[in-house]
Amino acid sequence: MGSLFRSEEMALCQLFLQSEAAYACVSELGELGLVQFRDLNPDVNAFQRKFVNEVRRCDEMERKLRYLEKEIKKDGIPMLDTGESPEAPQPREMIDLEATFEKLENELREVNQNAEALKRNFLELTELKHILRKTQVFFDEQEGGVNQTTESMTRALITDEARTAGASMGPVQLGFVAGVILRERLPAFERMLWRACRGNVFLRQAMIETPLEDPTNGDQVHKSVFIIFFQGDQLKTRVKKICEGFRATLYPCPEAPADRREMAMGVMTRIEDLNTVLGQTQDHRHRVLVAAAKNLKNWFVKVRKIKAIYHTLNLFNLDVTQKCLIAECWVPLLDIETIQLALRRGTERSGSSVPPILNRMQTFENPPTYNRTNKFTKAFQALIDAYGVASYREMNPAPYTIITFPFLFAVMFGDLGHGAIMALFGLWMIRKEKGLAAQKTDNEIWNIFFGGRYIIFLMGVFSMYTGLIYNDIFSKSLNIFGSHWHLSYNKSTVMENKFLQLSPKGDYEGAPYPFGMDPIWQVAGANKIIFHNAYKMKISIIFGVIHMIFGVVMSWHNHTYFRNRISLLYEFIPQLIFLLLLFFYMVLLMFIKWIKFAATNDKPYSEACAPSILITFIDMVLFNTPKPPPKRCETYMFFGQHTIQVLFVLVAVGCIPVMLLAKPLLIMQARKQANVQPIAGATSDAEAGGMSNGGSHGGAGGHEEEEELSEIFIHQSIHTIEYVLGSVSHTASYLRLWALSLAHAQLAEVLWTMVLSIGLKQEGPVGGIVLTCVFAFWAILTVGILVLMEGLSAFLHTLRLHWVEFQSKFYKGQGYAFQPFSFDAIIENGAAAAEE
């Protein structure tokens, strides 16, 4: 099979590069994204590798770019993103990039420091302006001598001794300080002044109405002006210390009115000059950032590519002459020529005359798993890899999942209306995928939806198909081909009687409906659910058994590809026989019952004689004889049924010891004949997973650790018990197709009956308004519950059916992913990390 159904054949190669050409060659390989390098210096510290200085220089350049990006985003300047990826610069261009980034960073830091100093000066002048304005009233009152507050304040602040001593010395002069403090600190500041100064100070304060800008972080802060009156140098020192503790800013405030007016005029003049200078500074800063924003994305790409190249070069070894770099890498076998062309281009770019050498190596290591994907198959492959990365060259379930996954989802979600909503949403994302992919977002839910847009579209399309099969659109049916039933009910009987049922004996024409279900079942309130249950339950078992048989058949491809003859004969064949003779036989009984028994048939194949498939299967496994049927009824559905069932059960039970003992015993016999204890490559896991192939498949073979016979017996016992019991439980697990389909249909019918039908019954102009409101409510519930929540539930159940019931039959998922050196992946991961 091609690489679509298996992982790519891989080869371990040794690469020899001349030192001068190594950088350019690795750059070409990074653009190609098809080479996974191995670390040949695992014991060497990261700080002791050859190109550690270059990596540090790249880290420093990246730090400067992040600083520029932060400042650009701070000013809300859009960054130009052309979507193109520039090539990795040559090593000599690093000096120019470093000089450019250094110049930009220094210029921007200098501008920011100057702007911060100007803003701090502007803040101080603004605060001084408010102090001069707010405290003017106090000095006016003191100079007028008419305000009693000043006199009472003076009396309160002077002690009795000072008052007696001052009677002969004249009036007492009060000192004062004025400043600005944060508004939220003012209450605590006032309490501290009162307690520390024992009430011998007088505080007046007034709020500054407009918020002020903090020059450090640019936040808007609210402050208040205060003035404190006191007497004596001791209180003055204490007041200043308290102001310093609360980070209040004190400003000089003259007592003379002329000095205050002169200072106010000077402050206003300086503020106007500062506004002019600040505007020019901001304009210069904006111009610098706009120029940087045009190239920032490309700079990031260039620096990350340079850094990735030197990180990769640190994985190489130097030969003894110090003129050649040696690397080991995994490459897809089909792409070796493409890789050699890329190496040749890198050599020509570097001007080297020594061509690179790419040699294949023989190895016993397990190669990485590489499945080629495109934008359509990528999401389906991600579903498989979430369970486990396939072992090397193991059958890949992803191509088959493209069909089976949306189909099994649609069996549970089948509704033409709900499927159309889902399909239109997926189609919209597909049509707009270029624009949506360019709009990178941190919303994880949206990223999941967008990544699975093709899965959503296919699930919607398949749900529309199964909705037509069920003849179900928002819980109602479409009458496309009329009906094949003839009923004599009138309108009132149908509308008022909730217990009507359809009887195929007299009402049915006998001809099958052209496509899907007959719409007449909508009026059969009594036996509609019974009919749907029987129909959906049986098709769930049919689909489940066919799905599991297909999974077992897939294991045959693994056994034949890896030439595991023992596993093919003593695992695959008994497993397939066991599944066919028991569960596929039960499916055949369903078809035989549908063909031979009908309501209009005469006995012994009438409806009353139809046996139960479940009871028949139980009697078959337990070797029970069926109970004698009524008169004129046949005991069995076909001739020789009992003998065939006994034979099938005996053969199926006989397959169990073959699966359990044959393989370990043959391995033990082979070891005795070879007189080796034990032999390599004989483990059940290695043979089943395809780890034991030679150099014909990518030049890598399996070299599993030798396994004891006791472990082989234990592993084989576990696999056998798991398969036998799992065949029963997995078959029953597919009944979730019936259960979720029934639940989805009933929820849709409940929403229609209890919500939308209320609005449809209203008449007149009021009825139109009511219907509009009710329809909006019904639409929200339909999208939120039936499409989103029920869709998520059906999606998870479908995922479980594939992971457990289907893939467990053939898929081990014990490999490790191929992670090539790719600039695209590195830049994408770097951009995502920067956004976080």
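Author: What follows is a set of questions and answers on salt bridges, a helix pair and a surface patch in this predicted model.

Reader: What makes the pair E28 and R345 a salt bridge?

Author: The closest N and O atoms of E28 and R345 are 3.4 Å apart. A salt bridge requires a side-chain nitrogen of Lys or Arg within 4 Å of a carboxyl oxygen of Asp or Glu, so the pair qualifies. E28 belongs to helix α1 and R345 to helix α11, and 317 residues separate them.

Reader: Why is E28 called buried?

Author: Its relative accessibility is 10%. Buried means under 20%, so E28 is given that label. R345 has a relative accessible area of 40%; this value falls between the cut-offs of 20% and 50%, so R345 is called partly exposed.

Reader: How do you know that R63 and E105 form a salt bridge?

Author: The N to O distance is 3.1 Å, and the limit is 4 Å. R63 is in helix α2 and E105 is in helix α3, 42 residues apart. E105, at 5% relative accessibility, is under the 20% cut-off and therefore buried. R63, at 29%, counts as partly exposed.

Reader: What do R372 and D335 tie together?

Author: The side chains of R372 and D335 meet at 2.3 Å, N to O, in a salt bridge. R372 lies in the loop between β11 and α12, and D335 in the loop between β10 and α11, so the pair ties together parts that are 37 residues apart in sequence. D335 is buried at 10% relative accessibility, while R372 is partly exposed at 33%.

Reader: How many salt bridges does the structure hold?

Author: There are 28. A network of salt bridges links D59, E62, R304 and K307.

Reader: Why are helices α12 and α13 called roughly perpendicular?

Author: They pack at an angle of about 95°, with their axes 9 Å apart. Angles of 65 to 115 degrees count as roughly perpendicular, so the label applies to α12 and α13. The contact involves F380, Q381, L383 and I384 of α12, and A398, T401, I402, F405 and P406 of α13.

Reader: Which element gives the most to the nonpolar patch?

Author: Helix α26 does, with 4 residues. The patch covers about 850 Å² of surface, and its residues include I421, F425 and W428. Two or more residues come from each of α14, α16 and α26.

Reader: What makes F425 partly exposed?

Author: F425, placed in helix α14, has a relative accessible area of 32%. That value lies between 20% and 50%, so F425 counts as partly exposed.

How values were computed:
Residues numbered from 1 in each chain as written. Predicted model: local features only at pLDDT ≥ 70, side-chain atom pairs only at ≥ 80, totals over all residues. Heavy atoms only, no water. Patch = residues over 30% accessible without salt bridge, like charges linked within 9 Å, V, L, I, M, F, W, Y side chains within 5 Å. Areas by Shrake-Rupley, 256 points an atom, 1.4 Å probe, with all protein chains shown as cover. Buried < 20%, exposed > 50% of the residue type's maximum accessible area, 1.4 Å probe, protein only. Axes fitted to C-alpha atoms, helices over the stretch in contact; angles between N-to-C directions. Parallel < 35°, antiparallel > 145°, perpendicular 65-115°, else oblique. Contact = heavy atoms within 4.5 Å.
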